[in-house]
Amino acid sequence: MLHQDLIGLLGLPIGEQWKLDILSAHAANGGGYTYLVVVKPLYLVGGVGSPANAVALC
């Protein structure tokens, strides 16, 4: 029930189904464990779902 409030009212993206395999492999190979994840969902008034379009910067 939090999805409607977090996404629709606050615009907070939820990353529960992100595929982080490539990012974790990069970290395991000595790439570091500090990242900035930037997410900009689509602007939909009252929307409860949107493609996240996430980018991780290391």
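A residue counts as buried under 20% relative accessible area, as exposed over 50% and as partly exposed in between, with a 1.4 Å probe and protein chains only. The model is predicted, so local features need pLDDT of at least 70 and side-chain atom pairs count only at pLDDT 80 or more, while totals for chains, interfaces and linings use all residues. Residues are numbered from 1 along each chain as its sequence is written, and side-chain values use heavy atoms, with hydrogens and water left out.

**The loop between the strands**

- Gly 46 belongs to the loop between strand 1 and strand 2; helices (H or I, at least four residues) and strands (E, at least two) are DSSP runs numbered from the N terminus.
- Gly 46 counts as exposed because its relative accessibility is 57%.

- A pocket is an open set of points on a 1 Å grid over the protein atoms alone, where a 1.4 Å probe fits, with protein on both sides within 12 Å along at least five of seven lines; lining residues have an atom within 4 Å of a point.
- Among the lining residues are Trp 18, Lys 19, Leu 23, Val 37 and Val 55.
- The lining holds eight nonpolar residues, no polar ones and one charged. Here Ala, Val, Leu, Ile, Met, Phe, Trp, Tyr, Cys and Pro count as nonpolar, Asp, Glu, Lys and Arg as charged, and the others, Gly among them, as polar.
- Leu 23 is part of helix 2 and is partly exposed because its relative accessibility is 23%.
- Leu 23 and Val 55 are 32 residues apart along the chain, and 11 Å separates their C-alpha atoms.

**The nonpolar surface patch**

- Leu 36, Val 38, Val 55 and Leu 57 make a nonpolar surface patch of about 330 Å².
- Strand 1 (36–38) and strand 2 each give two or more residues to the patch.
- Val 38, in strand 1, is partly exposed at 40% relative accessible area.
- Val 55, in strand 2, is partly exposed at 43% relative accessibility.
- The C-alpha atoms of Val 55 and Leu 36 are 8.2 Å apart.

Conventions:
Patches are made of residues with over 30% relative accessible area and no salt bridge: like charges are joined within 9 Å, nonpolar side chains (Val, Leu, Ile, Met, Phe, Trp, Tyr) within 5 Å. Accessible areas come from the Shrake-Rupley method with a 1.4 Å probe; for residues, only the protein chains shown count as cover. A salt bridge is a side-chain nitrogen of Lys or Arg within 4 Å of a carboxyl oxygen of Asp or Glu.
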